[in-house]
Amino acid sequence: MIQKALFGAGCFWGVEEHFSNVRGVNKTEVGYSGGNTENPTYESVCYENTDHAEVLHIEFDDEIISYENILDEFWKCHDPTTIDRQGPDIGRQYRSVIYYLNDEQRTIAQNSKNKHQSKFQEKIVTDISKANTFYRAEEYHQQYIKKNKN
């Protein structure tokens, strides 16, 4: 059955590239969520106080990959111990966050966070919050790394 997941793990380009290569992930879209502005743009997320995170929205086949295994990939593809930062990218839009879509996902996300804490020397700072509106990013951001191999 097709399920959905939504999370932020730094710049959405690399996160999308990672998940587009995961078996069982059928669709990826990058965008913005978690903020207080309707219909944000890349420029407003980067330069205004929208409070949105750069996020990845995925659709996956739970007969091939479970939500728990999706989260295992999430912990692998970024550093969840840095607040509002991933590598050289600094700002609230780069925060580590899991947006759950239902109570089952909330429970699985919290258990996954607890399980993965032992793999990091620093405390995991990933926020786990109820999902709100996902705003799809501009087309040039979709599959950015695949479109711009150089």
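Student: Where in the secondary structure of this predicted model does arginine 136 lie, and is arginine 136 buried, exposed or partly exposed?

Tutor: In this predicted model, arginine 136 lies in strand β8, which covers residues 135–136, and with a relative accessibility of 40% arginine 136 counts as partly exposed.

Student: Which residues is arginine 136 in contact with, once its neighbours within four places in sequence are left aside?

Tutor: With those neighbours set aside, the contacts of arginine 136 are Glu29, Val30, Gly31 and Gln142. Sequence distance and spatial distance can also be read together for a pair such as arginine 136 and valine 55, whose C-alpha atoms are 9.2 Å apart in space although the two are 81 residues apart in sequence.

Student: Which polar contacts does the side chain of arginine 136 make with glutamate side chains?

Tutor: The general idea is that side chains of opposite charge can pair when their charged atoms come close. Here the side chain of arginine 136 is joined to that of glutamate 29 by a polar contact of 2.7 Å, and the side chain of arginine 136 makes a further polar contact, of 3.0 Å, with the side chain of glutamate 139.

Student: How many salt bridges does the structure hold, and which parts does the pair of glutamate 68 and lysine 115 tie together?

Tutor: The structure holds 10 salt bridges, and one of them links glutamate 68 to lysine 115, with the closest N and O atoms 3.4 Å apart. Because glutamate 68 lies in helix α3 (residues 67–76) and lysine 115 in helix α4 (residues 103–116), the pair ties together parts that are 47 residues apart in sequence. Glutamate 68 is partly exposed, at 39% relative accessible area, and lysine 115 is partly exposed as well, at 37%.

Student: What separates lysine 76 and glutamate 73 along helix α3, and is each of them buried or exposed?

Tutor: Lysine 76 and glutamate 73 form a salt bridge whose closest N and O atoms are 3.0 Å apart, and because they are 3 residues apart in helix α3, about one helical turn separates them. Lysine 76 is exposed, with a relative accessible area of 60%, whereas glutamate 73 is buried, with 16%.

How values were computed. Residues numbered from 1 in each chain as written. Predicted model: local features only at pLDDT ≥ 70, side-chain atom pairs only at ≥ 80, totals over all residues. Heavy atoms only, no water. Salt bridge = Lys/Arg side-chain N within 4 Å of Asp/Glu carboxyl O. Helix = DSSP H or I, 4+ residues; strand = E, 2+ residues; numbered from the N terminus. Buried < 20%, exposed > 50% of the residue type's maximum accessible area, 1.4 Å probe, protein only. Contact = heavy atoms within 4.5 Å. Polar contact = N/O pair within 3.5 Å; in protein donor to acceptor, adjacent residues only side chain to side chain.
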